[in-house]
Structure formats: C-alpha cells, structure tokens
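These entries record what I looked up in this structure. I turned to the ligand and its surroundings before the helices.

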Amino acid sequence: MEEIAAAAERIRDEHGAAALGAWTGEAIGFQQQEAYARRFIHAFGSPNYFSAESVCFASRYIAHCLVHGYYNARPDFENAKTIVFWGANPDHSHPPYAWAIQRARKRGARVIVVDPRRTAAAKKADLFVQLPPGVDAALAWGLARRFIETGAYDTGFVESYTLGFPAFAAYARRFTSERVERETGVPAERQDHMARLMMEGQPRVANYTGISLEHQPNALNTVRVIACLTALCGAVDRRGGDAWPLPPPIRDLSLYEALPLDHLHPIGRNRFPALYEFRKQCHGISAMDHMLGKREHPLRGLILTGANPVLTNPDAAKVSRALGSLDLFVVRDLFLTQTAKHAHYVLPAASFLERSELHHHAHRQLMGITTKILDFPGVTDEYTFWRDLAHRLGRCADYFPWKDEEEVNRWLLAPSGVSPGELRARPEGHTYAPRKYRKYETRPFPTPSGKFEFVSRYLKDPGHSELPEYVPPPARPHADGDWPLVLITGGRYPLYYHSRFRNIKRLRRSAPRPTVDIHPRDAAALEVTDGDAVRVKTRSGSIDLEVHVEEEGDLLPGFIHIGHGWDEANVNLLTDDLGLDPVTGYPNMKIIPAKMGKTGAYIKR
Ligand SMILES: Nc1nc2c(c(=O)[nH]1)N[C@H]1C(S)=C(S)[C@@H](COP(=O)(O)OP(=O)(O)OC[C@H]3O[C@@H](n4cnc5c(=O)[nH]c(N)nc54)[C@H](O)[C@@H]3O)O[C@H]1N2
Ligand SMILES: Nc1nc2c(c(=O)[nH]1)N[C@H]1C(S)=C(S)[C@@H](COP(=O)(O)OP(=O)(O)OC[C@H]3O[C@@H](n4cnc5c(=O)[nH]c(N)nc54)[C@H](O)[C@@H]3O)O[C@H]1N2
Ligand SMILES: [Mo]
C-alpha cells in the first residue's frame, strides 16, 4: 500500500492529479461500493472515474431522462396486461423478471419479445417478432404511427403534459407498414398484431428495453422512441406501466458538489457531455487513447476493482496495449484475470460475503443490508482499501473519517431514520416510501421544459436530431460482399456472468467451450457443422472457436452470434471503438460486419 501511494504521488507531481483514474466494474454494483471509488479519486484531485456504465445502463438512463426526467430500472411487470421485451432475454439475464412475468401471464398478461434470436424468453412469448439488429426504432415508429392514426393513444396525457407532439406525429407518418417491413423484415400483419396486443393492454403496457438496444450506433434514439411509445400507451408512471420509483432517503458519498473538478477536463466530457452531465461518468472507451498518449491530458495510473475490461470493453487488443502502458496499474479481484495480468499490483478483493452493504430494490421501494459472514486474513473490503490508501495521501484522509463499513452505513442511513441494526432485523426489506403513481399531475416533469419531451432542445442545440430519429443499421448481411455476415455479441449465458464463473467446474459443464452460433443455411454454404473449428474475422481482428448450428428459425440467416467473456476466444478482439453513439459514446457490440471459415481456409488466405 505504501508503494502504491508513493507511485500515485509521483504521478500527481509529474502530470497532475487528473492523470490518476479509478475504474469499477459490474461485480461491485452501482451503489455504495462504486461510490467509495468515486469519492477517493475526487479527494485525490482527479475527476477521472470510469465504470461499466460506459457500456451498460447509462445510455438507457440518459434516454429516459431526456424524455421525461425519470429512470425506471424495470417497469411494473406484475400489474401489466401487455409486456414487451425489446432486445432482452430475462430468462437468462434476470430470473426475477422472468418469474414476475410468469406470474403476470397466469393472470392473463400477454408477452411480446422482439429479438433477432429465438431466445428462451421468445419461445414462451405470445408473440415473437424476429428482426435484424439495429432496426427496432423503425418498428417502434411504425407502431407509433398506428396509435396516432387510429386515435388509440392517450390524448389527454399528450395534450396536457407533452412537448413536440405535432413534429413527432409528422415524422411517424413516414413509417408506413411497407417501409417498416422493408427495414425490419417484419410482415405488416405481424406489426398489426403487435400494435393490437399493445392497444388491448392500454394503459397497462410495460415496455422493457435490454442491453442490446444500447450496444449500437443509434442507441439513444432507439430507447427514446420506445419511451415515447409508452406515453402513447398512456403508461407513463402508471400501475402496470412505466412506474417511476422514488430513490431511498440516504446520504450521497460522492463529492461532486463539495469538490467539483469539472475544470480538470474529465475524460470524454468534451466528446460525450451527456455521459458526464447525467451520470458523472468519464468515458472508459476514450480513456484508452489518453493512456496511449494520443490525446491531451494523459492518464498514467489506474486503480481498477471488480472489472475485467480486457474481456468486456470493445477493441480488446487496444485495451491491453493501453493498460500495459501505464506507470501504475492496480487491480483488485478474486482471480488473476486477463486484465490483472497487466497490473503492477494485484490485490485480493473481498467478495460480497465479506462485505456489509446497503441495497435497495427501487421498484418495490425497499431497502436492506447484507451482513459480512467471512473474514480472511490479508483480504480487505472495498471501504478499508480506499480508506487505507486515502490515509497515506495527506489531505485525502479527511474524506474517509469512518472507521469501517458499519460506520459508513450508519452515516448513509441517517436521513432515513433507520439504523443498520433495524435493517438487519428485517431481512425481507424495509419499505422506505409508499408507492405513488402519476407524479407529474402534481409537479412538473424534471426536464428542461417541465413537460414530457417528444423533441429535445438539449440535443438540438449542439446539433443532434431533436426527434428520436431512425438511422438504418451500420451493417446488413451481404452474401457477395467482403463481409457477408453480421456478428451479434454478448447474449447472456444462464450460469456465467460476463467473464465470471467459467473457472467453477460445475458451472463450466453448462457451456464448456465458446461457440459461434450460425443459421443452418449459412453453415451449409460454408460447409461447416457442429463442433468444426472456425475462424471468425472482422475489421478489428480474428478469433478461433467452434461452430454451433442453430435450429431453423432460432436465428436469422446472415447473422452469427458469439457470447462474451471467454479467455480463449475473446469476442471483444472483434469489436472496435469506432461508430460510437454520437450522444452517449456507447459502442457497437451487436451489428459488426464479419466473415468466417474453417480455420485451415483462413490460415491459407
Ligand atoms: N446469467 C447472466 N445474467 C446477466 C448477465 C450475465 O452476464 N450473465 N449480465 C447482466 C448485465 S450487466 C446485463 S446489462 C444484463 C443484460 O440482459 P439483457 O438486456 O436481457 O441482455 P441479453 O440477455 O444479452 O439479451 C439481449 C438480447 O437482445 C438480442 N439483440 C441483439 N441485438 C438486438 C437488436 O438490435 N434489437 C433487438 N430487439 N434485440 C437484439 C440478442 O439476440 C439477445 O437475445 O444481464 C445481466 N444478467
Ligand atoms: N462483446 C460484448 N462485450 C460486453 C457486453 C456484450 O454484450 N458484448 N456486455 C457489456 C456489459 S452490459 C457489461 S455490464 C460489462 C461488464 O464488464 P465487467 O464489469 O468488466 O464484468 P466482469 O467480467 O463481470 O468483471 C468482473 C470482475 O470482478 C471480479 N469480482 C467478482 N466479485 C468481486 C468482488 O466482490 N469484488 C471485486 N473487487 N471484484 C470482484 C470478477 O472476478 C471479474 O474479474 O461487459 C460488457 N461487455
Ligand atoms: Mo451490463
């Protein structure tokens, strides 16, 4: 710890405090564990805090905030009549959602799944709408047109509470059934069927957009138009619809107000201001260029915890080069990951069983606390680590006055009036506020206009489209082109979590080796079958893995799919950091021009 503190001070002396960054991953969550890292790096004097939010969740959040100013992690499935999953597979990714939906279906709710792959969720759906990646916005605009033309939308809400509806309606008119069919391949009758199920559910329609809609170049606008569709359904902040939870009444550990560092050029803020303004996140993808000295304001040191960006960030070869070039790289993990191999110091991190932390379930407005049940010598929890480091760095110590996590929890909970002990006595959770719906009836929307915004001045002023416009996908399959196939990445495995758990033998049996999923027609054309060794190539790189031929109908022809998180076939060697969403800086991980062939064939070329 002394060496790490000394190296951090050297970086501060030579390049300024902003040349040190902190990075947290999905393994430590989005609540107090990540807040320690934010607090530390600000106390040190650097605004450069990065997390998995450069590739997950924040773009969805920003889209919702631009439209209505709130964010709902999950709609009210339990009370919905029609549930729509856009680019999500809850049966693998969120079992609790899948259970909620199962209960809703028993009550008669109907489920629509929109996906290029016939997933576990799609197989159970009342309607499966199969389409190529990147065209959801066209489908959503076509549905909006139907609602508007037939007058089946919530006119009272639109008249009283919204901004820009005439422009929205005029743009929607362009999305005729024929045009939507041309763009998406979804026949007009299926579009009608989808619209009918949504209209029948009104206003109890739960639209859920998954990670796939974020991993593409027109990500923000795709989620925006779907949020607008929710308004047409009359489901805004309604039981059974997009019901907005209230946050828990706890203190904020971050120092953005007490110690603003905006003047120190947070990385990525000039390119993607929304990410910093809405989430106080620096752009992890841009960070690589700052490590490699390709941009002003160098990043020379990084402390990373609970993340494995070499396997999870786009352009893995560049990520490795960038991390390998640092003067100080500290990784806290439970395993020696591909990322940790680049580190100067690898520290054993405490797992969730070795921490005591607050949790909240926003949808149910419940709070709870976990209890530390294990203690290994030499393993420190996140709080103790950041505190110890801060106490070796002079002034930083002032910001970490609490002895341990239990003291932090007590401080965090003070405004709520409950103590850690009281929370512990209620393992089922403590309701921190009763649910309220249609909050906009008594106070303005927290948007610039105070209204629900079909059009956004915030986006228009710097030159983006004010409407959530449809932009065709960056790639489609071309049988005769250089890149005949389109690669989709990252469909979730039920028993792996990103790069985690493949080292647990019992879980490994569920999916022992990485595969590339392919349509039977394409497999036949390439003369490959199950288990054949192939090489998949994109403009960024190539990986070798095994073929898995899908059943007819499980995947659209021309598309291949590879999961992420494999050491031995890192699909992020095939993704890149180009073609980012222009507002949020989100990467394209779902629509990548590709080709493949038997390993021998490509080696010869
Ligand atoms: N077991 C397990 N659970 C997890 C995770 C894990 O790694 N393992 N990761 C967690 C995390 S951090 C996240 S973000 C969530 C993600 O959870 P989800 O949002 O449910 O994501 P996926 O399960 O990948 O399902 C996304 C689906 O979108 C489809 N798709 C791809 N492109 C498009 C497109 O353009 N349009 C449409 N409509 N569909 C498209 C894919 O084929 C895929 O079936 O899962 C969480 N839960
Ligand atoms: N191609 C492609 N890439 C993707 C995606 C995709 O769909 N396609 N999905 C993206 C998404 S949505 C996300 S959220 C990111 C996730 O990206 P990451 O956050 O990098 O995800 P993980 O691979 O789960 O890395 C978590 C690391 O933390 C370690 N760990 C586990 N428990 C703890 C703990 O308690 N404390 C600490 N300190 N460490 C712990 C694990 O061993 C693991 O090495 O991946 C993204 N990458
Ligand atoms: Mo994620």
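Entry 1, polar contacts of the ligand. I began with Asp136, where a polar side-chain atom lies 2.7 Å from a nitrogen atom of ligand 1. I note that the model is a predicted one. I then looked up Gln216, and found an N or O atom of its side chain 2.9 Å from an oxygen atom of ligand 1. For Ile211 the contact comes from the backbone: one of its N or O atoms there is 2.8 Å from an oxygen atom of ligand 1.

I asked how much of ligand 1 the protein buries. Ligand 1 exposes 930 Å² when taken alone, and the protein buries 97% of that area.

I counted 31 residues around ligand 1, of which Ser93, Asp115, Asp136, Ser212 and Tyr496 come nearest. By type, the shell divides into 12 nonpolar, 13 polar and six charged residues. Helix H4 (90-93) and strand S4 (110-115) each supply at least two residues to this shell.

I traced H7 over residues 136-149, 14 residues in total, with a reach of 20 Å from first C-alpha to last, close to the 20 Å expected. I recorded 13 of its 14 residues as buried, so H7 is mostly covered, where buried means under 20% relative accessible area. After H7 comes Gly151, with a positive phi near 70°.

I found 14 residues in H11 (188-201), and its C-alpha span of 20 Å is close to the 20 Å expected. Its buried residues include Ala188, Gln191, Met194 and Gly201.

Terms used. Residues are numbered from 1 along each chain as its sequence is written. Chains are lettered from A and ligands numbered from 1 in the order in which they are written. This is a predicted model: local features need pLDDT of at least 70, side-chain atom pairs count only at pLDDT 80 or more; totals for chains, interfaces and linings use all residues. Side-chain values use heavy atoms; hydrogens and water are left out. A residue is near a molecule or strand if one of its heavy atoms lies within 4 Å of it. A polar contact is a pair of N or O atoms within 3.5 Å; within protein, one must be able to donate a hydrogen and the other to accept it, and residues adjacent in sequence count only if both atoms are side-chain atoms. Accessible areas come from the Shrake-Rupley method with a 1.4 Å probe; for residues, only the protein chains shown count as cover. Helices (H or I, at least four residues) and strands (E, at least two) are DSSP runs, numbered from the N terminus. Ala, Val, Leu, Ile, Met, Phe, Trp, Tyr, Cys and Pro count as nonpolar, Asp, Glu, Lys and Arg as charged, and the others, Gly among them, as polar. The expected span of a helix is 1.5 Å times one less than its number of residues. Buried means under 20% relative accessible area, exposed over 50%, partly exposed in between (1.4 Å probe, protein chains only).
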